[in-house]
Amino acid sequence: MFQFFNHQKNQFAFRGEFQHLYSFRIVNIIVISLYAFAVSGVLLFIYARVYQTIEKVDTITALQSSLPPPTIEFDRLERVNTAWEKKHADVSLTITRDPFLPTATSTAGE
């Protein structure tokens, strides 16, 4: 029953022509370990970011529920609206000089 755990290892298995197999075995273990660490690091990073995002949303929701409703200053609103309308008023610009017509100081013909 316990022969599986008590079996004798072959001392000649990793000597001579099969010595490179031992090196491949060690490299394989190292690569699998690095891969496992990388995957666990990525999963930990994603978990932490999702958890932090949920935590921030909960904080914002709690803060917004404790704030009073915002008050509107109607005099400031009227000043902003009039300044906006003044800035974006429909003003037609008249062309004082046609850039496609030659003038007296033009050197195009020389």
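The model is a predicted one, in which local features need pLDDT of at least 70, side-chain atom pairs count only at pLDDT 80 or more, and totals for chains, interfaces and linings use all residues. Residues are numbered from 1 along each chain as its sequence is written, and side-chain values use heavy atoms, with hydrogens and water left out.

The protein contains two helices and zero strands; these are DSSP runs numbered from the N terminus, H or I of at least four residues for helices and E of at least two for strands. Of its 110 residues, 0% are buried. The accessible surface is about 11600 Å², and carbon and sulfur atoms account for 65% of that; such areas come from the Shrake-Rupley method with a 1.4 Å probe, and for residues only the protein chains shown count as cover.

Let us turn to helix α1. One aromatic pair is present in the structure. Tyr-47 and Tyr-51 form this pair, stacked at 6.2 Å centre to centre with 15° between the planes. Rings of Phe, Tyr and Trp (its six-membered ring) pair if their centres lie within 6.5 Å, and planes under 30 degrees apart count as stacked, over 60 as edge-to-face and the rest as tilted. Because the two tyrosines are four residues apart in helix α1, about one helical turn separates Tyr-47 from Tyr-51. Tyr-47 is exposed, at 57% relative accessibility.

Ile-26 also lies in helix α1, which covers residues 19-66. Its relative accessible area is 35%, so Ile-26 is partly exposed.

Finally, a salt bridge joins the side chains of Arg-76 and Glu-73, at 3.6 Å from N to O. The term requires a side-chain nitrogen of Lys or Arg within 4 Å of a carboxyl oxygen of Asp or Glu.

Definitions and conventions. Buried means under 20% relative accessible area, exposed over 50%, partly exposed in between (1.4 Å probe, protein chains only).
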